[in-house]
Amino acid sequence: MTGGVQVAAYQLILLVLSSSSLLPLLLRLLASSSTSRRRCRHGSNCNDSNDGDKQQQQQLLLPPSPPGRLPINGHLHLVGSLPHVSLRDLASCSSTSAPPPTWWSAPRAPPRPSSARTTTSSRRGPRPGSPTAGLVYGSSGVAFSPYGHHWRQVRKLVTTHLLTLKKVHSYRCARREEVSLVIAKIREAVAAGVAVDMSAAMNTFSNDIISRAVSGKFFRAEGRNKLFRELVKTNSNLFGGFNLEEYLPGLVDSLGFLCRWFRLGNNRAVDAHHKRWDELLETVVSDHERRNSSLHRHGRAGDFTDVLLSVYQEYGITRDHVKAILMGMFAAGTGTSSLVLEFAMAELMRNPQCRTKLQDEIRENTPEGQEMVEEENLGSMPYLRAVVKETLRLHPPSWEKPEEFMPERFMDGGNAAGVDFRGNDFQFLPFGAGRRICPGINFGLATVEIMLANLMYCFDWQLPVGMEEKDVDMTEVFGLTMHLKETLMLVPKLP
Ligand code: HEM
């Protein structure tokens, strides 16, 4: 369900409830939601505020809430189908940094740098007991686990053993092979003179990279990578869809049986989907267990699953937790990297001068006669990093010409030259910040940079006949991650 439909569904529920004899229950809901708001102020990042509650706000030193809050509805009616854009607009209406609107339960990148300092997340993901929590093994992986001992353990495991710079580096041959497969496919399109569906190509590429890191060399066996891709897509639909509990936990508590009936269909879909994930992950785990002894004999570095199986007991976690971590790697690692690549290509098509500048840099800094850009060549390509940063910058307000694609801002002499994305510069948080910062930064960047460099190095790119730069549709659609509404079709040519 899109953001607009979610909002409409939410408002419809409110309308039905308020026009019925359920008013007493609504009042209870109101009471319970204000209690939970009070609780949030002491524990979580949900630092909402209330115009009518100024005294308490002053005591708690919270900034003022954006104007236009309604009872029950909070600021929901002010949030459109692109919530990050609405949040930005709400922030700019307020005289100081705006805290998230009052209904907003999931932690998202806040609209202004200064508010980012106060809102790094402690709770995230499906609420305990919700159908989607069941899908992710009771929210026991890294991304959805609430802050606490378990999260600290799984996060430590992932950052110490799976996503270290050394480990990411150890996958460079795998990345090289996957990039050459994409290049070979694009060469076929050049020979046939047809356009390439870049959205699909980049999604397949980043999913294959993650599948390979998780499942090893044999990830293509029995079409496992395709199955992973399909399951990740369904995850995204289920998490990005409308889940009553996430929006109105108080209502669900108050109207237990009605809500259970309302979400029955969703429950079944989630259970069936979880079963498919579990079967696949169980196969991956038991395959690895079978060949683990010979792996140790040969002393080879293993994939994510090998590493997890060798250390998980030390961390006091279970086999289901291992599966939850693996599932989380797919969900967090696939959509993100492929979207960065797709947005980067779309922006470069709309900005030919940036594209030429990037191609010149890449071609000048790749040794002559080399068929592909290698990872060791990337260090001498600062404009490539600036293009990636600019793609990640995603329209926040406090920038010069915020809506324009201007990688130069991150280059020497640019107004954001020293700005980095590792969570220290609060005006630029594409990977989040604080204790929940993305642990996959190195993995994601390695995937994006080598692929983008090779797309630019090996080909010249054109828009399909009849299309001009201004016709590249950058309309975004809200979901678990933001993505382009239209498929990006591009025509490759040999340079
Ligand atoms: C360019 C690609 C990527 C982008 C833009 C990105 C972005 C993000 C963001 C914004 C968050 C939330 C941070 C917060 O709440 O403060 C996050 C969390 C996370 N990401 Fe990434 N990510 C990328 C790639 C990856 C990859 C490749 C992996 C794994 C292989 C990964 C694993 C995770 C995990 C496990 C979390 C949850 C961390 C926690 O809750 O402790 N990400 N990512």
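# Notebook: iron site, rings and salt bridges

I began at Cys438, which I found in the loop between α19 (382-392) and α20 (441-458); helices here are DSSP runs of H or I with at least four residues, strands are runs of E with at least two, and both are numbered from the N terminus. This is a predicted model, where local features need pLDDT of at least 70, side-chain atom pairs count only at pLDDT 80 or more, and totals for chains, interfaces and linings use all residues. Residues are numbered from 1 along each chain as its sequence is written, and side-chain values use heavy atoms, with hydrogens and water left out.

**Iron.** I looked up which protein atom donates to the iron atom of the ligand, and the only one is SG of Cys438, at 2.3 Å. Donors are N, O and S atoms within 2.8 Å of the metal (3.2 Å for Na, K and Ca), and water is not among the atoms, so sites may look incomplete.

**Overall.** I noted 20 helices and five strands. Of the 495 residues, 51% count as buried, where buried means under 20% relative accessible area, exposed over 50% and partly exposed in between, with a 1.4 Å probe and protein chains only. For contacts (heavy atoms within 4.5 Å) between residues at least 6 apart in sequence, I read that 68% join residues at least 24 apart.

**His273.** I found His273 in helix α15 (residues 264-298). His273 is buried, at 5% relative accessible area. Leaving aside residues up to four places away in sequence, I listed its contacts as Leu135, Leu231, Thr234, Asn235 and Leu238.

**Aromatic rings.** My search of the whole structure gave eleven aromatic pairs. Phe228 and Phe330 make a stacked one, 4.0 Å centre to centre with 25 degrees between the planes. Since Phe228 lies in helix α11 (residues 224-240) and Phe330 in helix α17 (residues 319-350), the pair ties together parts 102 residues apart in sequence. Phe228 and Phe330 are both buried. I also looked at Phe421 and Phe428, a tilted pair at 6.3 Å and 45 degrees. For the cut-offs, rings of Phe, Tyr and Trp (its six-membered ring) pair if their centres lie within 6.5 Å; planes under 30 degrees apart are stacked, over 60 edge-to-face, and the rest tilted. Phe421 and Phe428 belong to one aromatic cluster with Phe410 and Phe431.

**Charges over rings.** The charged end of Lys389 sits over the ring of Phe421, 5.8 Å from its centre. I found Arg435 placed over the ring of Tyr147, its charged end 3.8 Å from the centre. This needs NZ of Lys or CZ of Arg within 6 Å of the ring centre and within 35 degrees of the ring normal.

**Salt bridges.** I noted 23 of them, each a side-chain nitrogen of Lys or Arg within 4 Å of a carboxyl oxygen of Asp or Glu. Asp320 and Lys323 meet at 3.6 Å, N to O. They are three residues apart in helix α17, so about one helical turn separates them. Asp320 is partly exposed at 38% relative accessible area, whereas Lys323 is buried at 4%. Arg385 and Glu449 meet at 2.4 Å, N to O. Arg385 lies in helix α19 and Glu449 in helix α20, so this bridge ties together parts 64 residues apart in sequence. I have Arg385 as partly exposed at 31% and Glu449 as buried at 8%.
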